[in-house]
Amino acid sequence: MSEKNPSELIDGRIAELGDWRGATLATARALIKAAIPDVVEEWKWRGVPTWYAGGKIVCTGETYKDKVKLTFAKGAALDDPKRLFNASLDGNVRRAIDIGPGEAIDEAGLKALFVAAAALNAGAK
């Protein structure tokens, strides 16, 4: 019996949710993979999908009853011209995007944030 890799665990989470949260997480995952072709998927902290670029966290994808939370590890350092960040705004480092049921995702804006986060990781020492 082999252990599942992080991508398979994320597939499983999306399937087990089976509702708008799974669909939202799947959309976010597809966007990050499109924005950062060499993104690395990990499974952290008792089941949180986590995406890395340049060996550093780009963002996490947590699911709650009422939202999917995309937390950008260095979000406070990113420009957010479309004002997508709507949570964790008081922190010095992180920023998050909470997506509730039926809320539209600004796909172009989110992809731009993913690209910017990967670029920040690549430039950071």
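## Helix H1

In this predicted model, helix H1 spans residues 6–17, and its 12 residues reach 17 Å from first to last C-alpha, close to the 16 Å expected at 1.5 Å a residue. That expected span is 1.5 Å times one less than the number of residues. Helices (H or I, at least four residues) and strands (E, at least two) are DSSP runs numbered from the N terminus.

At the start of H1, a side-chain oxygen of Asn5 comes to within 3.0 Å of the backbone nitrogen of Ser7. Just after the helix, Gly18 adopts a positive phi of about 60 degrees.

## Buried and exposed faces

Ile10, Arg13, Ile14 and Leu17 are the buried residues of H1 (buried: under 20% relative accessible area; exposed: over 50%; 1.4 Å probe, protein chains only). Viewed down the axis of H1, these residues fall within an arc of 95 degrees, so they line one face of the helix; the arc is taken from the directions from helix axis to C-beta atoms. The face turned away from the buried side carries the exposed residues Ala15 and Glu16.

The buried residues of H1 pack against helix H2 (20–35) and strands E1 (40–44), E2 (48–53) and E3 (56–63), with contact meaning heavy atoms within 4.5 Å.

## Nonpolar core

The largest nonpolar core has 26 residues, and Ile36, Phe72, Ile97 and Phe114 have the most contacts inside it. Such a core joins buried Ala, Val, Leu, Ile, Met, Phe, Trp, Tyr and Cys residues through side-chain atoms within 4.5 Å.

## Basis of the values

Local features need pLDDT of at least 70 and side-chain atom pairs pLDDT 80 or more, whereas totals for chains, interfaces and linings use all residues. Residues are numbered from 1 along each chain as its sequence is written, and side-chain values use heavy atoms, leaving out hydrogens and water.

Notes:
A polar contact is a pair of N or O atoms within 3.5 Å; within protein, one must be able to donate a hydrogen and the other to accept it, and residues adjacent in sequence count only if both atoms are side-chain atoms.
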